[in-house]
Amino acid sequence: MAIVGALTNPGSLFRTQLAYGAMVAAGFRTDIAEKFACAVEYFHVASLLLDDLPCMDDSKERRGRICLHLLHGEPTAILGSLALITRAYALLGEVISQIPATRQREAHRLLDRCLGSAGIVNGQAQDLAYRPGGRREVLRIALGKTVPLIRLALGFPAVAANLPMRQRLLLNRISLYWGLLYQGIDDVRDASEPASIGRMAGRDARLRRPNLLLAVGQEETISSLMRLSRLAQQAVDLLTPDRRFGFLDAVQKNISERLITALLEEQEPDWHGLPQAYFH
């Protein structure tokens, strides 16, 4: 029941759609693409269940609903996360069995880089250990925390299908820009009203977690995010003459709209109410 509750409360399914679209673009059957997309979503939901725990972000709501650990207890939330991770790896095993043996080792290496101690796990550890710093430190943590699953969604199909190196490099570049954009948008929205983001606002300031807006201010945040959006669009434009990658255009448009909406909703933070340690 707990796992069903977590999976029936979907967000934008951003990573899932990327994973499915990239697998189809790389020439895989739709049933294989669906398995890969589900695996990516399971990894994402599992990370959210852990992220919400009191020992992590101590969240009360997720996507407008009470967090799983408050409904079913912390042990159940942890076990639910482990169950999702296990199922995700089982699905990935089925996917990898369908790709040429010569590509399997590289595919496994990419999984390890994205999901292991060099990927999202390390990124989350850096997030928890954050000591307030400037733009570079905030983006470095986002590189470890938010980019890896997007890199997996776009990079795994490219590796599995042995796409030309130019396309692989462009997909990697897009995953980098989109990951930083996605995290930056979330940072901006953290200063918005709780009802608009589906969880408690002001979490980053309260827990002194990395947040681009809090670290560098409104003007530099807007400049950084708009520049990332332009770079992402340029990379997408270089790929989309190949009609298989046309789905990336729609994703880029959606992210750009999310960015504009977030910037329009952003309200000036209450700087005086923040812990002084956040700025030192």
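**Grounds for the terms used**

Modeller: Leucine 71 counts as exposed, at 53% relative accessibility. The model is a predicted one.

Biologist: Why is leucine 71 called exposed?

Modeller: Exposed means over 50% relative accessible area; leucine 71 has 53%, and therefore counts as exposed. Leucine 71 is found in helix H4, residues 68-72. Together with Ile66 and Leu70, Leu71 makes a nonpolar surface patch of about 300 Å².

Biologist: Is threonine 146 buried or exposed, and how do you know?

Modeller: The cut-off for buried is under 20% relative accessible area. Threonine 146 has 7%, so threonine 146 is buried. Its place is the loop between helix H8 (135-145) and helix H9 (147-160).

Biologist: Which residues does threonine 146 touch, beyond those up to four places away in sequence?

Modeller: Threonine 146 touches Arg15, Gly179, Tyr182 and Gln183. Tyrosine 182 lies 36 residues apart from threonine 146 along the chain, yet their C-alpha atoms are separated by 7.7 Å.

Biologist: What makes the pairing of threonine 146 with glutamine 183 a polar contact?

Modeller: A polar contact requires a pair of N or O atoms within 3.5 Å. The side chains of threonine 146 and glutamine 183 meet at 2.6 Å, and the pair is therefore a polar contact.

Biologist: Which residues have the most contacts inside the largest nonpolar core?

Modeller: They are Phe36, Leu152, Phe156, Trp178 and Leu248, in a core of 77 residues. Helix H3 (residues 30-51) supplies the largest share of this core, eleven residues.

How values were computed
Residues are numbered from 1 along each chain as its sequence is written. This is a predicted model: local features need pLDDT of at least 70, side-chain atom pairs count only at pLDDT 80 or more; totals for chains, interfaces and linings use all residues. Side-chain values use heavy atoms; hydrogens and water are left out. Patches are made of residues with over 30% relative accessible area and no salt bridge: like charges are joined within 9 Å, nonpolar side chains (Val, Leu, Ile, Met, Phe, Trp, Tyr) within 5 Å. Accessible areas come from the Shrake-Rupley method with a 1.4 Å probe; for residues, only the protein chains shown count as cover. A salt bridge is a side-chain nitrogen of Lys or Arg within 4 Å of a carboxyl oxygen of Asp or Glu. Helices (H or I, at least four residues) and strands (E, at least two) are DSSP runs, numbered from the N terminus. Buried means under 20% relative accessible area, exposed over 50%, partly exposed in between (1.4 Å probe, protein chains only). Contact means heavy atoms within 4.5 Å. A polar contact is a pair of N or O atoms within 3.5 Å; within protein, one must be able to donate a hydrogen and the other to accept it, and residues adjacent in sequence count only if both atoms are side-chain atoms. A nonpolar core is a set of buried Ala, Val, Leu, Ile, Met, Phe, Trp, Tyr and Cys residues joined through side-chain atoms within 4.5 Å.
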